[in-house]
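Here's a quick briefing on charged side chains and who they pair with. Have a look at the structure first, then we'll go through it.

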Amino acid sequence: MSFPGETRVIKLHSPVSYENGGLLEQLTMREPLVRDRIAFSKDRGSEEEKEARMIALLCNLSEQDIWQLTAADYAQLLDAFNVFMLPPGKRPKED
């Protein structure tokens with residue numbers, strides 16, 4: 001099995017500036033695996049906190065990195081996640 005199965009690139013509406021001078025302008029999200037869903041179900045905190053941690057994991061970010069995103073950019077990540085819940089043949093193609 002190849003890992004990840006599929007990825008999506010999400011261009012941020014509002015890039016994030018880091019203290020070290022770095023700029024986060026886009027993210028790559030990998031397709032979730034069953035183990036990601038199991039980890040989500042075993043995680044602690046509210047549904048929103050668990051969701052944010054899972055999205056961070058899929059984007060290879062820390063929880064603190066996710067907190068720096070705007071709500072509009074986080075919504076883009078949720079949309080990408082929801083695309084991965086569709087069968088591969090029914091997923092819209094990336095632009």
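How do the side chains of glutamate 6 and arginine 8 meet, and at what N to O distance? They meet in a salt bridge, at 3.2 Å. Keep in mind that this is a predicted model. By the rule used here, the salt bridge count comes to eight.

**Glutamate 6 and arginine 8**
- Arginine 8 counts as buried because its relative accessibility is 10%, and the cut-off is under 20%.
- Glutamate 6, at 24% relative accessibility, counts as partly exposed.

**Arginine 91 and its partners**
- You'll find arginine 91 in the segment after helix H4 (71–84), and it's buried, with a relative accessible area of 7%.
- Its side chain makes a 2.8 Å polar contact with the side chain of glutamate 6.
- A polar atom of the arginine 91 side chain also lies 3.5 Å from the backbone oxygen of valine 83.
- Leaving out residues up to four places away in sequence, arginine 91 touches several others, among them Arg8, Phe84 and Leu86.

**The link to glutamate 31**
- Glutamate 31 and arginine 91 form a salt bridge, with their closest N and O atoms 2.7 Å apart.
- Glutamate 31 sits in the loop between strand E2 (23–30) and helix H1 (34–42), and arginine 91 in the segment after H4, so the pair ties together parts 60 residues apart in sequence.
- Glutamate 31 is buried too, at 17% relative accessible area.

- Arginine 44 and aspartate 43 meet through their side chains in a salt bridge (3.2 Å, N to O).
- Arginine 44 is exposed at 56% relative accessible area, while aspartate 43 is partly exposed at 24%.

Terms used: Residues are numbered from 1 along each chain as its sequence is written. This is a predicted model: local features need pLDDT of at least 70, side-chain atom pairs count only at pLDDT 80 or more; totals for chains, interfaces and linings use all residues. Side-chain values use heavy atoms; hydrogens and water are left out. Helices (H or I, at least four residues) and strands (E, at least two) are DSSP runs, numbered from the N terminus. A polar contact is a pair of N or O atoms within 3.5 Å; within protein, one must be able to donate a hydrogen and the other to accept it, and residues adjacent in sequence count only if both atoms are side-chain atoms. Contact means heavy atoms within 4.5 Å. A salt bridge is a side-chain nitrogen of Lys or Arg within 4 Å of a carboxyl oxygen of Asp or Glu. Buried means under 20% relative accessible area, exposed over 50%, partly exposed in between (1.4 Å probe, protein chains only).
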